[in-house]
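Hi,

Here is the structure I promised to pass on. Have a look at it first, and then read on for what turned up.

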Amino acid sequence: MRYGFDKQILRVFLLFILYFLFSPVRAQFRINTSNDGPLRKLQIAEMAINNLYVDSVDESKLVEDAIRGMLEKLDPHSSYLTPKEVKEANEPLRGNFEGIGVQFNMVEDTLLVIQPVSGGPSERMGIIAGDRIVSVNDTAIAGVKMQKEEIMRRLRGPKGTEVELGVVRRGIADTLHFTIVRDKIPVRSIDATYMLRPKVGYIRIGNFGATTHQEFCESLSELKQQGMQTLVLDLQGNGGGYLQAAVKIAGEFLQKNDLIVYTDGRKARKAEYVAKGGGLFTKGKVYVLVDSYTASAAEIVSGAIQDHDRGIIIGRRTYGKGLVQRPLDLPDGSMIRLTIAHYYTPSGRCIQKPYEKGKQKDYAEDMLKRLKSGELTNADSVHFADSLKYYTLKQHRLVYGGGGIMPDEFVPLDTMRYTKFHRELSAKSIIINANLRYVDNQRKELQQRYPTFEDYKKNFQIPQELTDGIMAEAEKQNIRPKDDDELQRTLPYLRLQLKALIARDLWSMNEYYSIIGETNDALQRALELLD
């Protein structure tokens, strides 16, 4: 038995080594194959558990757990992704997916179309906002408690394949049937593009993906044609994405050969990324809005604009995610994302905030620590050592390192705007469901009464029965304001939020942000500086 076990170890071990010898990974690593090497130690442990452990084990999960265990002892951003997680992580950044092309939400266990994607397969075949999709390929998806993920799986599919939809439309008694040919559906990373006021444009970037630079150039050109001379670039809540997308977008503001960012690591050579020149917006004022969840690629853009004195950063210290991950594809479609270097701004500031290896929980609670320390509500609560002081490259203004990008104009977090009552209404989907039902019932009347968004924004008021319905539903679910003061503090923002959501469903996200921006303190601060 001992002899057989050793043969099995040797066989698997040799296969493991052969994989590395005859794969592209060989060029990246030097494998220690000695009898007392750590790789052999790990392999023997895995084989021992698989062959000798008292209970049955899932060998694949055993290996995955070992990989995760190793990575968890490193930095907070090295990670292992299963094949499913790889697909989910890449899709928002890839710029497209394949499906029928509708924006939808679930209302009372039924899929309600908010908007068909412009130019997409559903719009081409006649699907309109307000339609309810009740069946897919003769399988009912309404009224059967089907999970949203399962519905999406049925609607999506390879480009060129057909799907039969059963649709209920308001005012038509019979169920309509559509044959949709699936196609590539663009996933936009620019959330909004519009003119804030004459000569002042606004662009909000949600993430940095494969098509972000192209979208950004189109947005810039559109706004310049409308007379834009000053740009407000909103990166609040932007969690980052592709490095190259950030480099290209920063290059649209800077002069040729201006340094944008550089990376450096123990084994990775120092690499510098510079502007290519010929940017679309090298003149004109720039205001960049950031917050504590502005991270990674968004911090690269913010840091480059600040260090070159190209614009004013407004908001709160950014997240501080300045570690470079290299994706290592594994044979089964899974992936290791391994940190190999740090990001540095042009002035030499390391974007990554401090961390202790293996202490993932402490790292995850950083925002709570910032709140408790007063950093999010009071700029004077943050103090910097002399070693963390840097100077911008053109005007030699004082800026700070230590993790994240410190804004030039601090905007405190308003901890009173979102009451506990409002948060509970949102968490239980009471607000969004009330909005969807209202738009579904009133769409035609609203479109006739407000033919333009400008007319809607100026004149529309949330009807009392809509807020009354929300309060009644909240009472039914035992959600109540603590007192009348909390109710009165909740209502103004609730009405504005509803007005913005209705505008989104009637027009697009541009109109949503145009309205909700009235409560965006960083945006309002930018407008004050303009004035």
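To start with, are H13 and H15 parallel, antiparallel, perpendicular or oblique to each other? They are oblique to each other, going by the scheme in which angles under 35 degrees are roughly parallel, over 145 roughly antiparallel, 65 to 115 roughly perpendicular and the rest oblique.

Before the details, some housekeeping. This is a predicted model, so local features need pLDDT of at least 70 and side-chain atom pairs count only at pLDDT 80 or more, while totals for chains, interfaces and linings use all residues. Residues are numbered from 1 along each chain as its sequence is written, and side-chain values use heavy atoms, with hydrogens and water left out.

Back to that helix pair. The axes of H13 (residues 430-449) and H15 (residues 464-476) come within 10 Å and cross at roughly 135 degrees. Axes here are lines fitted to C-alpha atoms, for helices over the stretch in contact, with angles from 0 to 180 degrees between N-to-C directions. Helices (H or I, at least four residues) and strands (E, at least two) are DSSP runs numbered from the N terminus. Ile430, Ala434 and Tyr438 of H13 meet Leu466, Ile470, Glu473 and Ala474 of H15, where contact means heavy atoms within 4.5 Å. Sorted by class, this contact has six nonpolar, no polar and one charged residues; Ala, Val, Leu, Ile, Met, Phe, Trp, Tyr, Cys and Pro are taken as nonpolar, Asp, Glu, Lys and Arg as charged, and the others, Gly among them, as polar.

Next, the salt bridges (a side-chain nitrogen of Lys or Arg within 4 Å of a carboxyl oxygen of Asp or Glu). The count comes to 33. Among them is Arg124 with Asp183, whose closest N and O atoms are 3.5 Å apart. This pair links distant parts of the chain, with Arg124 in helix H5 (residues 121-125) and Asp183 in strand S9 (residues 183-186), 59 residues apart. Arg124 is exposed at 51% relative accessibility, whereas Asp183 is partly exposed at 21% (buried is under 20% relative accessible area, exposed over 50%, partly exposed in between, with a 1.4 Å probe and protein chains only).

Arg204 also has a partner, Asp191, with closest N and O atoms 3.4 Å apart. Since Arg204 sits in strand S11 (residues 200-205) and Asp191 in strand S10 (residues 190-197), the pair ties together parts 13 residues apart in sequence. Arg204 is buried at 15%, and Asp191 is partly exposed at 26%. There is a network too: salt bridges link Arg317, Lys353, Asp366, Arg370 and Glu375.

Helix H8 (residues 243-251) is worth a click as well. Seven of its nine residues are buried: Leu243, Ala245, Ala246, Val247, Ile249, Ala250 and Gly251. Their cover includes S11, helix H7 (212-225) and strand S13 (259-264).

Last, Leu330, in the loop between strand S17 (323-329) and S18. Leu330 is partly exposed at 25%. Its C-alpha atom is 9.6 Å from that of Thr82, 248 residues away along the chain. Leaving aside neighbours within four places in sequence, Leu330 touches Tyr80, Met335 and Ile336.

Cheers
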